[in-house]
Amino acid sequence: MILHVDMDAFFASVEQRDNPDLLGKPVIVAGHSSRSVVSAASYEARKFGIHSAMPVFQARQRCPHLIIQPGSREKYARDSRKIMAILRQFSPLVEPVSIDEAFLDITGCEKLIGTPEQAAKKIKTEIVNQLALTCSVGAAPVRFLAKIASDMDKPDGLTIICPEAMAQVIETLPISKVPGVGARAMAQMKSLQIKTLGDVKKFDLKILTNKFGSFGQRLFQLAKGIDPTPIEPERPRKSISAEATLSRDISDPRDVQSVLLAQAHRVGKALRAGNQKCRKVSIKLKFSDFSQISRSKTLETWICSSNAIFDQALFLYYNLNITKRIRLVGVGVSEFQDTEKPIQRSLFTDQNQEDHRQWEAVDRAMDSVLAKFGPDVLNKANLKAHKVSPKYIGELCAVEVTITGRVQGVCFRHETHLAAQDRRLSGYVRNMPDGSVQALFQGTQENIQDMLAWCRKGATFSEVKDVTTRTVLADPALTHFEIRY
Ligand code: TTP
Ligand code: MG
Ligand code: MG
């Protein structure tokens with residue numbers, strides 16, 4: 001049997017425990033700014049419809065006497081470690097999956113800890129005795145059902161799905177409760193008239209994989225009560241992410257770029273600290289209307305430099321063509337490999353890879369300086385602001401430009417991109433194998449001249465040696481400015 005233990009209103013309960021004045025009251029843990037979101041809500045606050053991820057101003061509207069606690073991550077992490085240590089007394093197979101929850105495989109431990117019900121009760125008592133906190137426990141023959149069970153009777157719950165009851169639970173389990181079924185999958189579920197996990201069995205594997213890709217295969221198995229994911233005690237981190245709710249909504253791509261850069265730095269630092277490389281980068285954007293979107297990209301190479309992460313994040317961002325105002329920006333990485341493992345390199349020298357390796361060296365040097373002298377000695381690169389130029393008017397001219405010097409790199413291309421966009425230019429920028437950068441600028445004579453002046457000054461971190469130009473025939477089909485890879 002598998003147990004899943006999840007603390008009740010974790011951050012909020014810790015605050016209530018440490019400050020008895022808060023007991024029985026609607027409490028949330030959140031930043032104090034009106035733009036913050038709720039991290040945790042006490043069960044008293046939930047009666048007002050308040051939940052995690054809800055904006056604080058909305059929570060306040062629902063409950064004017066709401067108590068807002070800033071919280072302390074370190075304190076919660078300390079308690080989390082104590083909880084995991086308790087769980088390890090019950091089974092060697094404990095897999096923490098977040099700060100407040102873990103799976104335990106207790107198969108074969110019956111002699112020591114009793115039936116699943118007895119074990120769950122002992123765990124609950126031990127956590128109350130040692131930490132004065134309650135948790136909810138689910139027990140089931142398979143992992144995903146244990147997690148679902150722990151959520152069935154919150155708070156202070158105990159739900160056991162015995163092998164005989166499994167088929168019935170699956171039959172009636174709302175499909176939205178299945179881990180991995182998000183808003184996008186739900187729309188497809190609706191079109192297939194899948195309401196419960198049991199309904200999935202009406203479809204054959206081919207249809208499911210056509211609709212849902214590899215997740216279709218997993219759904220097919222789950223519907224049959226099979227969850228092959230084992231409980232792995234030292235399960236390595238599967239993803240690292242950093243996100244920020246902004247102090248004001250932004251829409252200027254340069255502002256978005258700056259926030260993406262900051263998040264990419266945070267993620268990159270954590271990745272390198274764990275001696276890992278990743279090959280999947282994702283971004284998450286939340287808009288002023290609270291809708292959100294996320295996109296990810298799997299690379300062919302393993303990366304760990306902040307700039308390589310930033311590069312991919314920017315690529316994803318620009319591909320979305322966002323026009324809405326943005327309130328939250330997040331960057332994440334996943335699909336890890338240890339740095340020590342030999343990494344297959346491309347047979348041909350790829351300029352992007354070369355960039356990544358150079359940036360990785362810069363980042364590692366920065367990490368060690370920061371670790372030694374504190375976070376204030378080095379400043380993050382600030383992306384230059386560019387003035388917005390007059391509107392595009394007049395005849396279409398085209399100039400091919402070659403820029404030499406220390407010019408290649410992620411930032412250079414993207415800053416050139418932004419500068420060209422500001423000047424209403426179409427065309428492209430790309431790295432050349434000889435180390436130079438080639439660009440084509442199309443627009444008005446005046447704007448091209450302005451752009452060339454910008455090129456001579458150069459982007460952040462660059463040292464421009466020479467800018468040569470060649471007038472060429474304009475290509476009216478090129479209506480945007482693009483980064484060519
Ligand atoms: P959860 O276990 O999802 O929630 P919870 O423990 O607060 O409440 P429940 O009783 O329903 O389990 O998350 C654990 C902690 O993680 C939570 O207390 C605060 C933090 N957290 C956030 O900071 N932001 C979030 O959006 C969520 C969901 C959790
Ligand atoms: Mg919890
Ligand atoms: Mg949890």
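## Around ligand 1

The shell around ligand 1 is made up of 8 nonpolar, 2 polar and 5 charged residues. In this grouping Ala, Val, Leu, Ile, Met, Phe, Trp, Tyr, Cys and Pro count as nonpolar, Asp, Glu, Lys and Arg as charged, and the others, Gly among them, as polar. The model is a predicted one, in which local features need pLDDT of at least 70 and side-chain atom pairs count only at pLDDT 80 or more, while totals for chains, interfaces and linings use all residues. Residues are numbered from 1 along each chain as its sequence is written, and chains are lettered from A and ligands numbered from 1 in the order in which they are written.

Which of the 15 residues around ligand 1 come nearest? They are Phe10, Phe11, Ser39, Ala40 and Ser52; a residue is near a molecule or strand if its C-beta atom, placed from the backbone, lies within 6 Å of it. Strand 1 (2-7) and helix 1 (10-18) are the elements that give two or more residues to this shell. Helices (H or I, at least four residues) and strands (E, at least two) are DSSP runs, numbered from the N terminus.

## The chain as a whole

The protein chain has 16 helices and 17 strands. Its C-alpha trace spans about 80 × 55 × 45 Å along the principal axes. Of its 485 residues, 37% count as buried. Buried here means that 20 or more other C-beta atoms lie within 10 Å of the residue's own; exposed means 12 or fewer, and partly exposed lies in between, with C-beta atoms placed from the backbone.

Among contacts in the protein chain with a separation of 6 or more, 65% involve residues 24 or more positions apart. Two residues are in contact if their C-beta atoms, placed from the backbone, lie within 7 Å.

## Four domains

The chain is divided into domain 1 (7-73), domain 2 (168-223), domain 3 (239-373) and domain 4 (397-484), with bounds that come from an automatic or database domain assignment. The C-alpha centres of domain 3 and domain 4 lie 24 Å apart. Their contact takes 9 residues from domain 3 and 7 residues from domain 4.

On the side of domain 3 that touches domain 4, the elements that give two or more residues are helix 12 (253-273), helix 13 (306-320) and helix 14 (351-373). Helix 13 gives the most, with 4 residues. By class, this side of domain 3 has 3 nonpolar, 3 polar and 3 charged residues.

Strand 14 (residues 426-431) and strand 15 (residues 437-443) pair in the antiparallel sense over 6 bridges, and Ser426 stands opposite Gln442 in strand 15.

Strand 2 (residues 27-29) runs parallel to strand 4 and is joined to strand 4 by 3 bridges. Val29 stands opposite Gln69 in strand 4.

## An enclosed helix and two residues

Why is helix 7 (residues 143-150) largely enclosed by the rest of the structure? The reason is that 8 of its 8 residues are buried. What covers them includes strand 1, strand 6 (101-105), strand 7 (135-140), strand 8 (158-160), helix 8 (166-172) and helix 11 (214-223).

Arg218 has its place in helix 11 and counts as buried, with 21 C-beta neighbours inside 10 Å. Ser72, found in the loop between strand 4 and helix 4 (73-88), is partly exposed, with 14 other C-beta atoms within 10 Å.

Notes:
Two strands pair if DSSP finds at least two bridges between them.
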